[in-house]
Amino acid sequence: QVQLVESGGGLVQPGGSLRLSCAASGNIYLINVVNWYRQAPGKERELVASITRGGSTNYADSVKGRFTISRDNAKNLFYLQMNSLKPEDTAVYYCNAITLLSYWGQGTQVTVSS
């Protein structure tokens, strides 16, 4: 099994920055892909960014150029660096790890408001 705990969310002004962390534990050697998803009230969950075992990354068009996904294998940490934040980025952000199965953290709230 894999356990995931997100942290780093909070309130930030438009144009500001925030870094989310996802701490992984358990059978982390099984992880092939880590995704960051987000879900705003009344909206569908959307995939924001992904990073593979080999380090390749992909981003949603809405965040490309502003967000960066990365990892620290020694610390079993995955990050989402968010820059130039907009009010429409407000959502609960979830870390998702893919093995044979899919594992989810409990989410961290990001609110972008002046």
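Mentor: We can go through the links, the sheet, the core, the pocket and a few single residues in turn. Please keep in mind from the start that this is a predicted model.

Trainee: Okay, how many disulfides does the structure hold?

Mentor: The structure holds one disulfide, and it is formed by Cys-22 and Cys-95, whose sulfur atoms lie 2.1 Å apart. The pair joins distant parts of the chain, since Cys-22 belongs to strand β3 (residues 18-26) and Cys-95 to strand β9 (residues 91-98), with 73 residues separating them.

Trainee: And what is the handedness of the link of Cys-22 and Cys-95?

Mentor: The link of Cys-22 and Cys-95 is left-handed, with an angle of -85 degrees about the S-S bond.

Trainee: Are those two cysteines buried or exposed?

Mentor: Cys-22 is buried, and Cys-95 is buried as well.

Trainee: Switching to the strands: what is the order in the open sheet of four strands?

Mentor: The order is β1-β3-β8-β7, and the pairing is antiparallel. The edges are β1 and β7, each of which pairs on one side only. If direction is ignored, neighbouring strands of this sheet are turned by 20 degrees against each other on average.

Trainee: What holds paired strands together in general?

Mentor: Strands of a sheet pair through backbone hydrogen bonds, and the pairing can be parallel or antiparallel.

Trainee: Then how many bridges are there between β3 and β8?

Mentor: There are six bridges between β3 and β8, which run antiparallel to each other. Within that pairing, Leu-20 stands opposite Leu-80 of β8, while Leu-18 stands opposite Met-82, also in β8.

Trainee: What about β8 and its partner β7?

Mentor: Strand β7 (residues 67-72) also pairs with β8 in the antiparallel sense over six bridges.

Mentor: Strand β8 (residues 77-82) is mostly covered, with five of its six residues buried.

Trainee: Which residues touch the most other members of the largest nonpolar core?

Mentor: That core has 29 residues, and those touching the most other members are Leu-4, Leu-20, Trp-36, Phe-67, Leu-80, Met-82 and Tyr-93. Two or more residues come from each of β1 (2-7), β3, β4 (33-39), β5 (46-52), β7, β8, β9 and β11 (108-112). As a general background, nonpolar side chains tend to be buried together in soluble globular proteins.

Trainee: New topic: how much space lies in the largest pocket?

Mentor: The largest pocket holds about 220 Å³ of space. It is lined by 16 residues, and the closest to its centre are Ile-28, Ile-31, Arg-71, Asn-73 and Phe-78.

Trainee: Which strands each supply at least two residues of that lining?

Mentor: Those strands are β4, β5, β7 and β8, each of which supplies at least two residues of the lining of the largest pocket.

Trainee: I also want to look at the backbone. Where does Asn-76 lie?

Mentor: Asn-76 lies in the loop between β7 and β8, and the hairpin of these two strands has four residues between them. The phi of Asn-76 is positive, near 55 degrees, although the residue is not a glycine. For context, most residues other than glycine have a negative phi.

Trainee: Is Asn-76 buried, exposed or something in between, and what is its relative accessible area?

Mentor: Asn-76 is partly exposed, because its relative accessible area is 28%, and that value falls between the cut-offs of 20% for buried and 50% for exposed.

Trainee: What is the phi of Ser-84?

Mentor: Ser-84 has a positive phi of about 50 degrees, and it is not a glycine either. Ser-84 is found in the loop between β8 and β9, and it counts as partly exposed because its relative accessible area is 40%.

Trainee: Last one: where is Gln-3 found?

Mentor: Gln-3 is found in strand β1, and it is partly exposed, with a relative accessible area of 34%. The C-alpha atoms of Gln-3 and Thr-57 are separated by 22 Å, and these residues are 54 apart along the chain.

Technical notes: Residues numbered from 1 in each chain as written. Predicted model: local features only at pLDDT ≥ 70, side-chain atom pairs only at ≥ 80, totals over all residues. Heavy atoms only, no water. Disulfide = S-S within 2.5 Å. Buried < 20%, exposed > 50% of the residue type's maximum accessible area, 1.4 Å probe, protein only. Pairing = 2+ DSSP bridges. Core = buried A, V, L, I, M, F, W, Y, C linked by side-chain atoms within 4.5 Å. Axes fitted to C-alpha atoms, helices over the stretch in contact; angles between N-to-C directions. 1 Å grid on protein atoms, 1.4 Å probe; cavity = no way out; pocket = protein on both sides within 12 Å on 5 of 7 lines; lining within 4 Å. Points joined across faces, edges and corners; volume = space filled by probe spheres on them.
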